Amino acid sequence: MEFRELVGRRYSVKKFSDRPVEAEKLNEILEAGRLAPTAKNSQPQRIYVLQSAEAIKKMEELSPCVYGAKTVLLFAYNENEEFRNPLEKGIHSGVEDVSIVATHVMLRAADLGLGTCWCNFFPNSRTAQAFGLPPDEKAVLFMPVGYAAPDAAPLPPHSSRKPLSETVKYL
Ligand SMILES: Cc1cc2nc3c(=O)[nH]c(=O)nc-3n(C[C@H](O)[C@H](O)[C@H](O)COP(=O)(O)O)c2cc1C
């Protein structure tokens, strides 16, 4: 699929079928994340693959946005590995880094016919605790991954994007 067509066709899937994600496809999408750029190549990302019934149930108890997926990726970063901007106090790259990794994963998933939904509606710290993440890892987002249910469809926001004139300024 052409990249342009891919980004046009991707949408947030909010209803998944029971069809499991093949291990090869899961590896492919994780590999796309591995190749993502990170600040100073620090690669602070950590991705937790939730697939056991127990882990999925736990995630469902933490957020209403699992949408029936049987695979959920929890994206975090290690705050001891992120880049700290020496020119601006408090500006660190962890959230940027893990977001680029997650974007690679999301787009490669779409390329392989898989649906995803980027989700940040969850209690970050409580989720990190619930899954036993080390204290220096911050959970940023989770992403249900799977095959869209036959009746899944993009929600109206998918086709509502601001024109470039509102979001891009030439200086
Ligand atoms: C940073 C971010 C956080 C989001 N969090 C959630 C979420 O918690 N739950 C959810 O159902 N969708 C979530 N979404 C999906 C957005 O609502 C969706 O991308 C947007 O409405 C555009 O629709 P589309 O992805 O179908 O094009 C999130 C998307 C982004 C980029």
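**Notebook: contacts, sheet, helices and ligand shell**

I began with Val-72 and, leaving aside its neighbours within four places in sequence, found it in contact (C-beta atoms, placed from the backbone, within 7 Å) with Leu-50, Ile-56, Met-59, Val-66, Phe-142, Met-143 and Pro-144. I note that this is a predicted model, in which local features need pLDDT of at least 70 and side-chain atom pairs count only at pLDDT 80 or more, while totals for chains, interfaces and linings use all residues. Residues are numbered from 1 along each chain as its sequence is written.

I then placed Val-72 in strand S2, where strands (E, at least two residues) and helices (H or I, at least four) are DSSP runs numbered from the N terminus. For burial I used C-beta atoms placed from the backbone: a residue is buried if 20 or more other C-beta atoms lie within 10 Å of its own, exposed if 12 or fewer, and partly exposed in between. Val-72 is buried, with 25 other C-beta atoms within 10 Å. I also looked up its separation from Asp-136, which is 64 residues away in sequence and 21 Å away in space, C-alpha to C-alpha.

**The sheet**

I traced an open sheet of four strands in the order S1-S2-S4-S3, with antiparallel pairing; two strands pair if DSSP finds at least two bridges between them. The edge strands are S1 and strand S3 (115-116), each of which pairs on one side only. I counted six bridges joining S1 to S2, eight joining S2 to strand S4 (residues 137-146), and two joining S3 to S4.

For individual positions, I found Ile-47 opposite Phe-75 in S2, and Phe-75 in turn opposite Leu-141 in S4. Further along, Ala-76 has Ala-139 as its bridge partner in S4, and Thr-71 stands opposite Val-145 in S4. Gly-115 has its bridge partner in S4 as well, namely Gly-146.

I asked myself how many of the eight residues of S2 are buried. Seven of them are, so S2 is largely enclosed by the rest of the structure. In S4, nine of the ten residues are buried, so this strand too is largely enclosed by the rest of the structure.

I checked helix H2 (residues 23-34), whose twelve residues reach 16 Å from the first C-alpha to the last, close to the 16 Å expected at 1.5 Å a residue; the expected span is 1.5 Å times one less than the number of residues. Its buried residues are Leu-26, Ile-29 and Gly-33. Seen down the axis of H2, these fall within an arc of 70°, so they line one face of the helix, the arc being that of the directions from the helix axis to the C-beta atoms. As background, an α-helix has 3.6 residues a turn, so residues three or four places apart point the same way. On the face of H2 turned away from the buried side I found the exposed residues Glu-24, Asn-27 and Glu-31. The buried residues of H2 pack against strand S1 (45-50), strand S2 (71-78) and helix H4 (94-111).

H4 has 18 residues and reaches 26 Å from its first C-alpha to its last, close to the 26 Å expected at 1.5 Å a residue. Among its buried residues I listed Val-98, Val-101, Ala-102, Val-105 and Met-106, with Asp-97 and Arg-108 also included. I found that the buried residues of H4 pack against H2, S1, S2, S3 and S4. Just after H4, Gly-113 takes a positive phi of about 85°.

**The loop between H2 and S1**

I recalled that most residues other than glycine have a negative phi. Asn-41, in the loop between H2 and S1, has a positive phi of about 55° although it is not a glycine, and it is exposed, with 8 other C-beta atoms within 10 Å. Gln-43 lies in the loop between H2 and S1 and has a positive phi of about 45°, again without being a glycine. With 17 C-beta neighbours inside 10 Å, Gln-43 counts as partly exposed.

**The ligand**

Which residues surround the ligand? I listed Tyr-11, Ser-12, Lys-14, Cys-65, Cys-117, Trp-118, Cys-119, Asn-120, Phe-121, Pro-154, Pro-157 and His-158, a residue being near a molecule if its C-beta atom, placed from the backbone, lies within 6 Å of it. I sorted this shell into eight nonpolar residues, three polar and one charged, where Ala, Val, Leu, Ile, Met, Phe, Trp, Tyr, Cys and Pro count as nonpolar, Asp, Glu, Lys and Arg as charged, and the others, Gly among them, as polar.

Methods:
Contact = placed C-beta atoms within 7 Å.
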